[in-house]
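Subject: Structure handover

Hello,

Here is the structure I promised to pass on. Please open it and keep it beside this email as you read.

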Amino acid sequence: MRSLNVLILEDNAFQLMALHQMLNSIQVFNVLTASSVEGAQQALANRGGVDIAICDLQMDGPDGLDMIRFLAKYRLARALIILSSTDQSILDGAAHFARSQGMLMLGSLRKPMSPDALCLLLETYQDLVARSIQSVPPKQISQQFSLEELHQLAPGQRIGDTGAFEQWVAYYQPKVSLEGQLSGVEALVRWQHPIHGMMSPGQFMGAVENAGLIEPLTWRMLELALTLSARMLRERGACLPVSVNIPPSMIERDDFARQVLALLVRFGIPANMLTLEIVESPSLQASTTHLEGLLRLRMQGCHLSIDDFGTGASNIQRLLQLPFSELKIPAEFVRGIGDDGRKASVVAGALIMAQRMDLNVVVEGVETECDYRALQALGEPTVQGYFIARPMSEADLVCWIEERTHH
């Protein structure tokens, strides 16, 4: 660990010294120390950014939250550890604030930090780096392009042209059981833009929605996902289960179910190989029209997933209104679950509820071995996240599946 660069922000001189010595004892020698936010900012200005910042929250004058905002704004730390003697709920809130600023959170711990806990967090960081994982949400770190910037694709071509739709490509993130068996993949959109290169959703989704093109994009993802499943059927003798995100506006269309079923027939894919992940919004209502369509899809065998369960508009009332067969537990409830009993309780409760309602469960955002092991102790959900695999192109996915098959 001697190559790590670490910043300690701690206004208690004794604890600052103890943390410094603790880092040295585990072979971390490139350490910046500061007893105030101003001092930390000056140290970073003089020496440059660090791999990990260890920040106290409470101090006179500018506090740890000010420091987190500064680190995020200027990207001067690749990862963050929050350390404080305050209540756990405040630590959790500060961790959520850091993530909302685009920071990679390693942990939020109460004082005094033990050497074992510190060593584990540093090892977690090195494991993430070894896997080339960046847990920062793309919308926090990527340039967001306006509709005008994306509109002109080539001479005479504009974003609404049919040819431009072919630049929307699918990346696939595997879902596996806790025993490691592949259970399917989720199709995630990317844009291979002729000017801006490969773009993540955070860079262009707002512009696509403003242009009224979210539905063509979704149909494109459905076709790409079913094309992959059909390819696997031809080459491996079995369809690959696929999941696609569906916006509420499409569900509310009278002919949505009919068009989905027609696609399945066209590609020769059994309906039970397709999961529609409902991207919730407060405007989604259980009207008779779209309830009938969803019921028809479920009756034919399609799976219906309530995405990001427990956040925003995704709630128990919606779960009771619509014919869901799966719920997805979002990353916010999973990151750090190995060290957070409250998160473990929330996930365990959701698993029990799902079991009693005969629902499948997919847990998103599993990024570390610690969190993976914690989920093993809670139940038997399907898991998805960077610890398993990053989203990848179709070609890379086929190679990934082949490698796992031969091991």
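Below is what was found, taken one topic at a time. Please keep in mind that this is a predicted model.

**Helix α10 and its two partners**

Two packed helices are described by the angle between their axes and the distance between the axes. Both values are given here for each pair.

Start with α10, which covers residues 214-236, and α17, which covers residues 394-406. Their axes lie 12 Å apart, and the packing angle is about 40°. That angle makes α10 oblique to α17. The crossing of these two helices is right-handed. On the α10 side, the contact is made by Leu228, Arg231, Met232 and Arg236. On the α17 side, Glu394, Leu397, Val398, Ile401, Glu402 and Thr405 take part. Sorted by class, this contact of α10 with α17 has five nonpolar, one polar and four charged residues.

Now turn to α12, residues 256-267. Its axis and that of α10 come within 10 Å and cross at roughly 30°. Angles under 35 degrees count as roughly parallel, and α10 and α12 are therefore roughly parallel to each other. This crossing is right-handed. From α10 come Trp219, Leu222, Glu223, Leu226, Thr227 and Ala230. They meet Phe256, Gln259, Val260, Leu263, Leu264, Arg266 and Phe267 in α12. By class, the contact of α10 with α12 has nine nonpolar, two polar and two charged residues.

**The second largest pocket**

How much space lies in the second largest pocket? About 370 Å³. The pocket is lined by 23 residues. Closest to its centre are Leu106, Gly107, Arg335, Gly336 and Asp339. Four elements are listed as giving two or more residues to the lining: α4 (88-100), β5 (105-110), α5 (115-130) and α16 (369-376). The largest share comes from β5, with five residues. The lining has nine nonpolar, six polar and eight charged residues.

**Two spots in the backbone**

Most residues other than glycine have a negative phi, and most peptide bonds are trans. Two places depart from that.

The bond joining Lys111 and Pro112 is a cis peptide bond, with omega about -5°. Where does Pro112 sit? Pro112 is in the loop between β5 and α5. Both of those elements also give residues to the lining of the second largest pocket.

Gln27 has a phi near 70°, a positive value in a residue other than glycine. Look for Gln27 in the loop between α1 (13-25) and β2 (30-34).

Best wishes

Terms used:
Residues numbered from 1 in each chain as written. Predicted model: local features only at pLDDT ≥ 70, side-chain atom pairs only at ≥ 80, totals over all residues. Heavy atoms only, no water. Axes fitted to C-alpha atoms, helices over the stretch in contact; angles between N-to-C directions. Parallel < 35°, antiparallel > 145°, perpendicular 65-115°, else oblique. Left-handed = near helix turned anticlockwise from the far one by under 90°. Contact = heavy atoms within 4.5 Å. Nonpolar A, V, L, I, M, F, W, Y, C, P; charged D, E, K, R; others polar. 1 Å grid on protein atoms, 1.4 Å probe; cavity = no way out; pocket = protein on both sides within 12 Å on 5 of 7 lines; lining within 4 Å. Points joined across faces, edges and corners; volume = space filled by probe spheres on them.
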